[in-house]
Amino acid sequence: MGIRSLDIPLEQLPTLVTLDWNLQRARMPLEQQIAALKAKGVDTTDLEAEILAPLLALEKEGEKRLKKCVRNHPLWGWLKHIGGVGEKFTAQLIYLITGKKHTETCQEKRDKYFAKKKPGEKRARAFTCDCPVMEIDRFHSVSALWKYAGMNTESYCRDCKKTLDDNVTSCTHCGSTNTGRRAPRRRRGQKVTWNPKLRSVCRNIGKSFVMVTSSQYRPHYDRAKEFYNRKDPHLSDGHRDARARRKTVKLFLSHLFEMWHRVKGLEPPKSYAEEKLGHVHRIPPPESEETRKKEGE
Ligand SMILES: [Zn+2]
Ligand SMILES: [Zn+2]
């Protein structure tokens with residue numbers, strides 16, 4: 001049966017996104033192991049024909065459904081115009097950004113519930129609550145979204161490499177005043193402040209903006225790269241590149257924040273800068289009403 005005629009309901013999106021990841025997780029190490037066996041001169045014809053090929057076919061089949069499914073989401077109406085994003089990234093963004101917005105009371109209850117657990121101790125039941133499931137409107141600001149995506153920066157000491165509190169001017173560990181900012185890192189014994197899966201998707205989108213030279217975000221990357229080449233000549237090219245990609249993804253996320261609100265008929269919250277400082281230099285999202293008007297002028 002062809003899926004051409006199937007309409008895949010949006011409710012299947014979480015299932016199809018996780019299925020895609022899980023099939024990849026099974027297929028990719030298998031491919032490596034087959035290559036290793038071949039290198040040893042072991043015959044892998046049967047493994048390839050009976051296991052790898054069906055796995056690949058399943059992945060393709062799931063992908064087709066995922067692509068059909070995501071087209072039913074209003075966000076696709078904007079993202080389909082953006083070079084380097086595509087259905088898969090769109091579906092992953094929708095899946096990872098959608099979630100419950102917990103009230104303060106609920107958050108306190110959750111913290112207590114999760115704090116109680118000792119190593120090896122099992123809980124009677126999973127923590128549940130009636131907090132509403134939301135999409136982009138879970139985040140009150142672009143900065144909150146950046147932080148959840150792990151695209152914010154944190155203060156650190158360039159000498160002892162330790163992470164510092166945001167507003168300190170000298171290192172609280174070694175006293176050095178040689179402080180800088182970097183992508184947040186996992187710290188032992190501390191909960192991460194971002195969603196690791198979303199961060200990885202955002203990094204992949206950043207790479208895609210570089211690879212797809214026709215993407216509307218590629219010129220922003222080029223400008224950012226030039227900027228960091230001038231500003232941080234002491235850093236390695238790889239580091240400067242990572243910074244430029246992060247800057248580009250942050251711009252994309254700010255546009256996503258705005259457009260996702262708009263396609264849902266919501267007015268996006270104004271940023272602190274726009275609210276407090278009046279006019280700020282703003283790059284409007286590509287393919288939005290605003291850019292279309294400008295281009296029509
Ligand atoms: Zn809750
Ligand atoms: Zn230090």
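**A loop residue and the helices**

Author: We may begin with one residue of this predicted model. Leaving aside residues up to four places away in sequence, Leu266 touches Asp137 and His261.

Reader: Where is the place of Leu266?

Author: Leu266 sits in the loop between α9 (237-263) and α10 (272-277).

Reader: How far apart are Leu266 and Asp137 in sequence and in space?

Author: The two residues are separated by 129 residues in sequence, while their C-alpha atoms are 8.6 Å apart.

Reader: How does one check the length of a helix, for instance α1?

Author: The expected span is 1.5 Å times one less than the number of residues. Helix α1 (residues 13-39) has 27 residues and should therefore span 39 Å; its end C-alpha atoms are 39 Å apart, in agreement. Helix α5 (residues 104-115), with twelve residues, reaches 16 Å from its first C-alpha to its last, close to the 16 Å expected.

Reader: Which residues of α1 are buried, and what covers them?

Author: A residue is buried if 20 or more other C-beta atoms lie within 10 Å of its own. In α1 the buried residues are Leu13, Leu16 and Val17. Their cover includes α2 (45-70) and α4 (86-97). By contrast, the number of buried residues in α5 is zero, so α5 lies largely in the open.

Reader: What follows α1?

Author: Gly41 follows α1, and its phi is positive, near 85°.

Reader: How is the crossing of α1 and α2 to be read?

Author: One considers the approach of the axes and the angle between their N-to-C directions. The axes of α1 and α2 come within 9 Å and cross at roughly 155°. An angle over 145 degrees counts as roughly antiparallel, so α1 is roughly antiparallel to α2. Their crossing is left-handed.

Reader: At what angle do the axes of α2 and α4 cross, and which residues meet?

Author: These axes come within 9 Å and cross at roughly 70°, which makes α2 roughly perpendicular to α4. Leu66, Lys67 and Val70 in α2 meet Glu87, Lys88, Thr90 and Ala91 in α4.

Reader: Into which domains is the chain divided?

Author: The division gives domain 1 (7-72), domain 2 (130-150 + 194-297) and domain 3 (153-193). Between the C-alpha centres of domain 1 and domain 2 there are 31 Å.

Conventions: Residues numbered from 1 in each chain as written. Chains lettered and ligands numbered in written order. Predicted model: local features only at pLDDT ≥ 70, side-chain atom pairs only at ≥ 80, totals over all residues. Helix = DSSP H or I, 4+ residues; strand = E, 2+ residues; numbered from the N terminus. Buried ≥ 20, exposed ≤ 12 C-beta atoms within 10 Å, placed from the backbone. Contact = placed C-beta atoms within 7 Å. Domains from an automatic or database assignment. Axes fitted to C-alpha atoms, helices over the stretch in contact; angles between N-to-C directions. Parallel < 35°, antiparallel > 145°, perpendicular 65-115°, else oblique. Left-handed = near helix turned anticlockwise from the far one by under 90°.
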